[in-house]
Amino acid sequence: MKFSSLLFTTLVALSSGHYVDEQPESRYEEPSNYHVRSHHTSEEPAESRYNEGPSEYEVRSSHHKSDVHERTHQDSTNSNNLRGGPSAGNGYAHGRSGYYHGTDSNEPRAGEGRSVQHDVLIIGAGAAGLSAAHELEKHGWTNYKILEASDKIGGRTRHEWSFGENDEEYNIDLGAQYIHTTNDIGNGKYTGEDRAYNLLQEMVSYPLEEAFKTTYTKKEFANVCVLPDGGCTSYHDPPEYRWAGKMGWHSFLTEYVAYDAVRNNVINNCEVKAINTQGDGVSVTCGGTTYTAWYVIVTVPMKMLQKNTITFTPSLPSSYTQAINKFIIGNGFKVWIEYQAGAEYKEYFTHTTDLAMYRTSWDVTSPAIAAEAGYRLFWNEGYPYGASTKIVGGLIYGKVYNEYDGLSSEQKKKKIAEHLEKDGMVYGTPTGRWTVMDWKEEDYIEGAYTIFANEADQSTLLDPISSKLYFAGEALNEWTWGTVHGAAKTGRDQAKKIVAAGERRRE
């Protein structure tokens, strides 16, 4: 990887505590289990703006609400078995634009007549998995399923609407947050003023609206300040982009990448325990159900592969298991603390005692360097919005996470609040409203994102096994590991390989 100064771009599902230290007025409704996975520990009951009603797929913001309410994902056996060209509809309809395209070919695919349920099985509904499905749809391959262990989609992205003077003033990215265009500069990509738009456009197969240039994204503040006396210097050069206008990575993945056709192929609460690639096809087992296909793309987090949560039959080649165990995945949590009006703080800032660790993170080229790398970095959460509500966001990642490991959410918040008071990094009084999310504690994730990867190991895992077992995910992108768009690209690339393999078998 050529650049590794990332700001929690690729994080997964919610293991958070959303809290208020004192009971606010009763305008808030009780939190649903979807939004708050751990319970507050303060004596007064915390309340939240969340409600029990909408499903995960309801769009909380004002754009495009009508087409994504109350999605239920259930498996229905598809008997097409690669017959008659692309299965289940010979094409796809984009939920965003009403724009339809695909193929009307009636030619059978390779393997016609053999007894499999699906063309492709995708393990994991994060950025890589959803993007692989999007790519398959683009090529008319509609007979696939995405098997997701959790009850959500979106991988290491989540959002929250719990701050501000109304229900939707802020879209806080609990996971992936920044649009990291500069990571690919060495790759000759994403230059110019529209680079955030161009990056996002590459992730979908239909035209994005102009709002992604003008409303939904905003160039970040240019400098990071080292306090109390280290001055301010360029943070990213050129600056990165942040989400704005009530849009974020979670919304983009679950509404734009995973439009209706993709979402309707997700099977939730399906924790894959076994993958068998013996014989002509593959079989995948979750719970008491076995699914069969010609190809499988495994996109689960690297930590899960390292823990051997999936049994492969036959066993993975030793070169693959050795490569898997060489990746280093950093632990991390994010925190937000709201302050009363008039609070003062910089746009981006860290303490001078964390500067050496922060600089080490800029270019992690070995496990030894990874052990010393990390962030304790803070920012003005309201910057993209220009809102009056004062919220400081923070990322604690890598080496410094060890200082907080094992603490409760409230203990983490308290320790961070004390840190922010050090040398006047923040001048202000907390309102008592705060959120902590720890990715190490999340089921099926157990870590934040990659802090070190070797290009040779990435190349090994990107090479399919027996032309039917493929791997994808944020750890495997050479230029930009740890990012949403990096993960998405690996998913698309592996899907393209499968389409090409299918065409070759059909010839």
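Phe212 and Phe252 are both buried in this predicted model, where buried means under 20% relative accessible area with a 1.4 Å probe and protein chains only. Phe212 counts as buried at 0% relative accessibility, and Trp243 is buried too, with a relative accessible area of 4%.

Residues are numbered from 1 along each chain as its sequence is written. Because the model is predicted, local features need pLDDT of at least 70 and side-chain atom pairs count only at pLDDT 80 or more, while totals for chains, interfaces and linings use all residues, and side-chain values use heavy atoms, leaving out hydrogens and water.

Let's turn to the rings. The whole structure holds 21 aromatic pairs; rings of Phe, Tyr and Trp (its six-membered ring) pair if their centres lie within 6.5 Å, with planes under 30 degrees apart counted as stacked, over 60 as edge-to-face and the rest as tilted. Two edge-to-face pairs involve Phe212:

| Pair | Centre distance | Plane angle |
|---|---|---|
| Phe212 and Trp243 | 6.4 Å | 80 degrees |
| Phe212 and Phe252 | 5.7 Å | 75 degrees |

Phe212 lies in helix H3 and Phe252 in helix H4 (residues 249-257), so their pair ties together parts that are 40 residues apart in sequence. Helices (H or I, at least four residues) and strands (E, at least two) are DSSP runs, numbered from the N terminus. One aromatic cluster is formed by Phe212, Tyr216, Trp243, Trp249, Phe252 and Tyr256.

Notes
Buried < 20%, exposed > 50% of the residue type's maximum accessible area, 1.4 Å probe, protein only.
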